[in-house]
Amino acid sequence: QAQRLSPDVQGLGDINIDQGHAMSDIMFDNIFSDMAQHDRIKDSQAQAQREAQTLRNASVRTQERSKQLQQEAATALTRLETSRRELQQIRQDAFEKVAGPPPTYDQAIQH
């Protein structure tokens, strides 16, 4: 679901945790079956470690992307505030051209 929302999210590979083979482990309990089981456990552990590293890498990329987006948002906010001030000044200038300058405090009291 997260992959549909963001192409930056990568899926994890399959992790096959070996459950062992109870019947064969009991019937053929010898050094060879123990070695085979040990190899399957090592494979499962290696898969889990690879996927854990994939998650760590994804976390680092996500944190970097978050910092970048925060910087972009801060820059956009600064530009927005500047544009608002400029727009207010343009509006004020336009109003003064049409209506003249606002009266001073002394002139407002006299009327």
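Reader: Where in the protein is confidence lowest, and where is it highest?

Author: Confidence is lowest in helix H2 (residues 22–27), with a mean of 61, and highest in H3, with a mean of 91. The score is pLDDT, the predictor's confidence in each residue, from 0 to 100. Over the protein the mean pLDDT is 82, and 77% of the residues reach 70 or more. This is a predicted model, so local features need pLDDT of at least 70 and side-chain atom pairs count only at pLDDT 80 or more, while totals for chains, interfaces and linings use all residues. Residues are numbered from 1 along each chain as its sequence is written, and side-chain values use heavy atoms, with hydrogens and water left out.

Reader: What makes a stretch count as a helix, and how many helices does the protein have?

Author: Helices are DSSP runs of H or I with at least four residues, strands are runs of E with at least two, and both are numbered from the N terminus. The protein has 4 helices and 0 strands, giving the pattern α-α-α-α along the sequence.

Reader: How do you know what span is expected for H3?

Author: The expected span of a helix is 1.5 Å times one less than its number of residues. With 69 residues, H3 is expected to span 102 Å, and its first and last C-alpha are 100 Å apart, which is close to that. Glycine 100 follows H3 and has a positive phi, near 85°.

Reader: Why is methionine 35 called partly exposed?

Author: Buried means under 20% relative accessible area, exposed means over 50%, and partly exposed is in between (1.4 Å probe, protein chains only). Methionine 35 has 47% relative accessibility, so it counts as partly exposed. This residue lies in helix H3 (residues 31–99).

Reader: Which residues of H3 are buried?

Author: They are Ser33, Gln37, Ser44, Gln47 and Glu51. In the protein, buried residues make up 6% of the 111 residues.

Reader: Why does arginine 61 count as partly exposed, and how far is it from aspartate 8 in space?

Author: Arginine 61 has 37% relative accessibility, so it is partly exposed. Arginine 61 lies in helix H3. From arginine 61 to aspartate 8 is 8.6 Å, C-alpha to C-alpha, although they are 53 residues apart in sequence.

Reader: Why is glycine 11 called partly exposed?

Author: Its relative accessibility is 42%, so glycine 11 is partly exposed too. Glycine 11 sits in the loop between helix H1 (2–5) and H2.
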